[in-house]
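This report concerns ring contacts and pockets in a protein model. Please look at the sequence and the structure before reading on.

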Amino acid sequence: MMLLSVVCLICLIPFIGKPLHIDDPLYVWTAKQIAVAPTDFYGYRINWDWGVELPASDIIKNPPGMSYLLALAGVAGNWSETWLHLLVVVISLFLILGTYCLARELEADPLVAALVTLCTPLFMMSATVVMGDILMATSWLWAVFFWIRGGRTSSHACLVVAALLVSVSFFTKYFGICLVPLLLCYQLIKRKNLALCLPYLLLPVLAVVVYQLWTAGLYGRGLLFDAARFSVASKGGKLSLFGQGFVCLVFTGGGMLSLVSLLPLVPGARKACSCLFVLFLVISSVLFLQGGYAGRPFAGPEGFQWLQLLHAALFGAVGTALIALLLWAVIVDRSAETLFLVLWIAGTLVFTAYLNWTISGRNLLPSLPAVGILAGRLLPVTVNSRSPVLRYGFFGPVLLLSLMVAWGDKSHAESARLAAVRAGSLKTSASQKLYFQGHWGFQYYLQLLGGVPADTRNMAGNRGDVLAIPANNSFTRMPDMNAVDLLETVTYRAGQLVSVMNPAAGAGYYASARGPLPYLFAKKHDETYYVFRYR
């Protein structure tokens with residue numbers, strides 16, 4: 001465990017200076033509100049749409065659990081990114097160690113389970129932002145650990161801790177409450193200590209009721225049901241059920257690429273590799289014949305997008321292989337523990353594909369430890385006789401690729417901060433206003449410099465005012481060119497070898513609506529920012 005912890009820290013420490021990115025500002029602004037008014041976490045207004053300021057409770061569709069921890073780190077570290085990321089590093093370390101401990105509890109190879117979890121783009125991306133996904137997955141994982149141990153040892157203390165951690169998971173992301181029916185299913189399949197265990201599941205259910213009533217009193221409506229309504233209303237799209245499922249498999253395969261490292265460890269490794277290759281060829285052929293993927297044609301102004309096709313086929317093959325692993329697990333081992341892990345993984349995939357408002361790599365994180373533990377349970381005992389290099393050496397290349405993906409995301413975040421600083425420097429007098437469009441980290445850093453969100457319904461400004469607009473962001477539109485002059489077009493390299501959030505390349509890790517691939521290798525990614533001055 002010590003070596004595993006060291007490897008995890010070595011991987012994550014280089015990212016502690018990463019600028020805030022994507023939805024990070026929402027969590028930090030909420031943390032700042034909590035530092036002032038702890039019981040009124042969404043009692044402030046933000047601009048996160050078309051330049052319109054709205055109550056935070058109308059915009060944010062996640063509970064505030066992560067922001068309470070960020071408030072502690074922010075106050076202690078004067079809201080520096082380093083302190084916020086150090087908090088996430090600690091939480092991430094607990095996720096890896098929790099995977100190791102739960103794997104031992106479930107009689108799986110603990111190191112294989114932990115490495116499958118650690119050596120993935122999915123973990124590296126979640127562990128290098130300050131959003132709530134990593135805390136939700138960690139509390140979920142430890143809740144399962146204490147629940148299983150409590151049921152096995154008839155420990156009331158463990159069951160209480162498990163119930164509290166389920167509540168923490170829900171209070172961090174609403175999906176956390178799905179752990180209640182999952183643990184119920186496990187206990188019913190196990191048929192042991194039902195009378196002892198089941199009453200403790202009422203504690204997180206009570207926490208949900210209290211939260212719903214509390215937020216209804218604060219903001220005029222219960223925020224849990226409000227988020228559910230938003231997800232239903234925003235889920236519409238042109239993809240069929242099969243199309244949504246395949247996009248989810250592509251994100252799963254890309255996010256859990258470490259599964260490929262297991263191929264040399266299974267019996268008949270050559271046959272397993274051959275099957276995966278054939279699956280890759282079949283998916284490639286189908287995608288080529290239909291000429292596109294997820295409503296996006298491969299043929300474009302820059303020619304046929306072979307890279308997009310190959311990435312979709314490879315990731316889709318790995319995701320499909322995971323489905324085959326689940327089916328095989330049910331066939332060869334119908335124990336309560338294996339069925340529990342299969343339900344855990346399958347439930348997360350179904351939620352991501354069909355219930356959440358968008359398909360995102362972030363939403364798959366809760367299933368990642370279960371995938372590692374299931375793999376650790378199914379590996380044959382004969383593998384244990386192999387040398388450590390043969391058993392675990394194949395994870396090295398995948399870990400390197402995962403770090404490259406996370407570094408590409410870091411470069412994207414840094415480009416937004418650099419562009420914000422550059423736009424702020426173009427003000428020539430204190431009387432001039434600095435307007436901007438777009439959100440994410442770009443908005444956060446511009447507001448620190450005194451920037452004001454531009455109301456896209458009325459983009460008028462006074463003579464000399466500055467307007468900054470990112471080319472790749474949300475809720476942006478170009479101004480009337482008769483009212484402004486283009487001061488500068490600023491371009492930053494946001495990815496030398498990988499694109500993570502680049503619609504032009506088809507990469508949309510944080511939201512499949514922006515790109516049906518979680519990331520794309522071998523594609524240089526430049527971020528462009530336009531700075532105008534009003535006439």
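The model is predicted, so to speak of local features requires pLDDT of at least 70, side-chain atom pairs count only at pLDDT 80 or more, and totals for chains, interfaces and linings use all residues. Residues are numbered from 1 along each chain as its sequence is written, and side-chain values use heavy atoms, without hydrogens and water.

Rings of Phe, Tyr and Trp (its six-membered ring) pair if their centres lie within 6.5 Å; planes under 30 degrees apart count as stacked, over 60 as edge-to-face and the rest as tilted. By this rule there are 36 aromatic pairs. One of them, Tyr-42 with Tyr-219, is tilted, with 6.3 Å between the centres and 40° between the planes. Tyr-42 lies in the loop between helix H2 (24-36) and strand E1 (45-47), and Tyr-219 in helix H12 (residues 202-219), so the pair ties together parts 177 residues apart in sequence. Helices (H or I, at least four residues) and strands (E, at least two) are DSSP runs, numbered from the N terminus. Ring pairs also link Trp-140, Phe-175, Tyr-186, Phe-340, Trp-344 and Phe-351 into a cluster.

The table describes the linings, where a lining residue has an atom within 4 Å of a pocket point.

| Pocket | Lining | Largest share |
|---|---|---|
| Largest pocket | 50 residues | 7 residues, from H13 |
| Second largest pocket | 21 residues | 7 residues, from H16 |

A pocket is an open set of points on a 1 Å grid over the protein atoms alone, where a 1.4 Å probe fits, with protein on both sides within 12 Å along at least five of seven lines.
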